[in-house]
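Trainee: I have a new model on screen. Can we walk through it, from the overall fold down to single residues?

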Amino acid sequence: MGVLGFGSADLARQQAEAARTMIDAAPPVDQSVRVSTTLIAGDTGQDAAIAPVFAAAFAPGGFVSRQTLRSGDLRLDGSADTPAIVESIAGLESAAELVSGTWPTEAAASGAATGAVPTALQADAAAARGLAVGDTVRVGNPGAETTLEIAATWRATNPADPLWFADPAVISGFDDTATGPFVIAEPALRALPSSVTSEWIAVPAAAGFTAGQLASLAARTSAPTLSSALQVAGGVDGGNLTVDGGLSATASRVLSANLGVSAIAVLPEVLLLLLGAICVSQLARLLSAARGDETTVLRARGASRPQLTVVSALELFVVMGLGSAVGIALAGVVFVALGGSGDAAAALGAPLGLAAAAAVLLGLVALLPLWIGYAAGRAASGGAGPTASARAGASTLVAVVVALVALLSLWQLLTSGLLTNGGAQGLNPVATPAPVLVLVATVLLLGLAVAPIARAVAGSARKRPWFPLFQVARSLGRPQSSFPVIVLVVALASGGSVLAAGVASTWSATDTATRAETVGTDARIQLDAPDFDVDNSPSVTSPVYAALPGVEQATTTFSAPVTVGRDTVTLLGQAPGIPLAAAPSLLGSPGLVDPAAGSVGVTLGTGGQGADRPGTVAVSAWFADAQGALQRVQLGSVAVDTVARVATTLSAALPPGLRPFRLLALDVRLAGSPGDDLPVQLTNVFGVDQAGGALPIDLGADPTRSVTVSSAKALVRAFSQPSDSSVPDALPVVASDALLQRLGLSAGASVSLTLPTGRTLSAVVTGRVPDVAGAGSPWAVVADLPTLDRAMLQAGDPIIPPSEVWVSTLDPAAVAASALPLGHHRSTVTTTLSASAAPLREPTVVVLWIVAGAGVLLALVAVIASAIVLLRSRRSEVLVFDALGLTLRSQGYQRAAEFVVLIVCGLFAGLVAGVGAAQLAIRPFATAASPGAVAGAAVSFDPVGVALALGTLAACLFAAAALYVAAVERQAAGSQRPGRNRPRPAARQASSQTDSAVRR
């Protein structure tokens, strides 16, 4: 009871700590919830209206929150291309550190800027704009501008704080092209000629958080539930109310994992209870046998059999109750001493209930031998007692019933799953004990075969002059109740150890596979980068992330959901050289830009056409860097009439990225020029090195590009074309086995991939893999990124840019924190820590082995008790064998052989049953306990754990066997008559004498 109590309480504590750890390891957006609404003019009570809703949603653990007021679109210094972010952030002083100046609440406008509003500007934004304390800027729209004076610059103390909601402006000073935030006082913000949005960001409070809060947290912080609660509460602008954030999904994920852990923890506890029941029953038999004389005296004094039974039951209940109480008390002391919660009573509440139920169960089981003894007493006095065939029939019936129950539980597990309603309604009570039931049923069915096999061996050995083998087999074939018990407890203990090893190893493998499938690498940075319709948006490239401390490698990756038929499939584009690359890299083909080039240019003309035509011709270039990061460079524009008279050169600096670049295509756009076709010749494409020298760029088969634009076809895209036609007509992809099985396809098949933009890519399957790392779905395809870039350009605008960087590192947490400030877009950094169940798995496996060890100890106690019962019940055999002339050593050998056979049979049955139960029923448990797992990994076993557990059990059992044999020899020595230790007769004669003795 102490082991159960301590294990359950400590596991509950560990689950609460692990749940908090797993939530804290999630990306900031997935740790919080954000409520946004338009600020009602003159209303100052919205915060008071929202606070009670948050309190109810985060009960009982509580929450912490931050309110931010944000203005609408405002220009910075009159520039339409430079928006300003103006905010009022509650509690900024406690969440940020000053870089320079003093906080606006302590500053006054300088005399040179009378009437200016003091503001605190994010330090990186100030540095990028060249602003310092004392400078002034104008924000607003033409005719309605407000002057702000820089009173301080600041940075967030912890940019990864979920209360910042991964706001790129707070972290980096920019949100795409917008600069800020300029933080001003709330009254000044309300006075701006702009709409104001009010945001509340809330996260669970660390203090008071419990694993039991997960279910309510997942349900009450979901967007629909929280939005409805806010509208019912009133006080907010419901028409412009939005709720976002991934806290609800994260809590649901951790809740499912916790339920899986709870299900895994049930398995050893059920097995321990069963072993405890058998152990108590054997001790009760031993006690009954030891008190036989006392029972006879009490019967002689007039005590009835029912009275003796009731008194014995009360004694057992008192002893078991005291033992349970002592065990639970010791568990509480150890729990608190090892760092458990100070509220030990609350932590041990559930284990106390479990212990009470266990005590009742063990008490009922303990009454069984008393009832057998009562029935035997009736038989001795003329009543009918259970026959050997009746006992055999009862054993068979029990085994069949347990097998049927195990099949029902296993069927429920495989068809309905371990979690009901995805975990929202808890565990499936029928499916949860399936592995233990399968283990017990297998052990019972195998145990039924021990006696028939022994009788068959005895019959065979009887025809041969080998008395010891015959006698051992005959003893094992007789209806000795202790023999099946020994086999049963040894099999349950060894099978439980094998099952524990299977759970630990399979869970670890599933967790590893889940991390690989959902993250794909050590740290995965996903940026909310817009598509290329926004000209000034910087592209996502890897060099800035590769320069972070601790980063071993950083690669740009494309990831997007595409549609194949009616199925949603993950499309990954990976850098050249990745083992899954579907096509050779295109970097060695025409279009390669010399690494020395600092800028690129193009010379264009119209062949004299359009000299009197209005409008402009603009040229942009599409580049892929060495990893396939797609980037667009605006080379410039020129008037149509100008380029018609003289060839014109347009050029621009190369974008940031990993060299060398490859020019994929050139866009020619005609604007403001109504009319028919206008030919535009791209006569020369070149790079310019640092010294100003020209570096020609080979465009392939046709070095002179000529495109035709018109008012009806204003944009034309010209591709670099290798002369060897190495660019495939269809996008080569490698597909996952699950997807090919789903579609009924094989290598060489053609598929159509529909992008989120509606554009369609023609693809051909060139290979298959079991799983695609980082896809997050079993249905996935992966392509070479430069080839995918070209295929998207050929499919037409809009173009989806690669927006992820995958990082290899030994310190994912540090990289996740340092990667946040590098982008101008909101980024989500997922690491192996945030996708792992290790915080739950490690303490659970420890508890699992502790309980399994306790089961081994109980099995040893039960075997020893059974051995003592055998000594008492087989005392007459010693006299018979002594009369037949068997020496002490011969009798010891015989009993040792019996015990060894029983131990070996039990170990073998347990090994077979444990492996079978694990193979049939463990994968759903490992999947449920690994959040985000699509499918469990193959069942495996920890060889070290199996070897240690079975080795320890076997060593203890063989030691008990040695003690048993020594006791038999002492018993035989004490029963010998002087001079009777004569030589042993022939085996056949001894066998005949034994048969006669048994018949008598």
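Trainee: Among contacts between residues at least 6 apart in sequence, what share joins residues at least 24 apart?

Mentor: First, this is a predicted model: local features need pLDDT of at least 70, side-chain atom pairs count only at pLDDT 80 or more, and totals for chains, interfaces and linings use all residues. Residues are numbered from 1 along each chain as its sequence is written, and side-chain values use heavy atoms, with hydrogens and water left out. A contact means heavy atoms within 4.5 Å. Of the contacts between residues at least 6 apart, the share joining residues at least 24 apart is 81%.

Trainee: What percentage of the residues is buried?

Mentor: Buried means under 20% relative accessible area, exposed over 50%, and partly exposed in between (1.4 Å probe, protein chains only). The protein has 1000 residues. Its buried residues make up 50%.

Trainee: Which residues touch the most other members of the largest nonpolar core?

Mentor: A nonpolar core is a set of buried Ala, Val, Leu, Ile, Met, Phe, Trp, Tyr and Cys residues joined through side-chain atoms within 4.5 Å. The largest one holds 105 residues. Those touching the most other members are Val35, Phe54, Leu226, Leu230 and Val489.

Trainee: Which residues does leucine 230 touch?

Mentor: Leave out residues up to four places away in sequence. Leucine 230 then touches Val35, Ile50, Val53, Val236, Leu241 and Val243.

Trainee: How many residues are in the second, separate core?

Mentor: Its members include Ala597, Val602, Leu695 and Ile697. The count for this second core is 33 residues.

Trainee: Within what arc do the buried residues of α23 fall?

Mentor: Helices (H or I, at least four residues) and strands (E, at least two) are DSSP runs, numbered from the N terminus. In α23 (residues 812-819), Pro812, Val815, Ala816 and Ala819 are buried. The arc is that of the directions from the helix axis to the C-beta atoms. Seen down the axis, the buried residues of α23 line one face of the helix, because they fall within an arc of 105°.

Trainee: Which elements do those buried residues pack against?

Mentor: One partner is a helix, α19 (543-546). The buried residues of α23 also pack against β13 (523-527), β14 (551-564), β30 (804-809) and β31 (827-831).

Trainee: How many residues of α22 are buried?

Mentor: Helix α22 spans residues 785-795 and is mostly covered. Its buried residues include Asp789 and Arg790.
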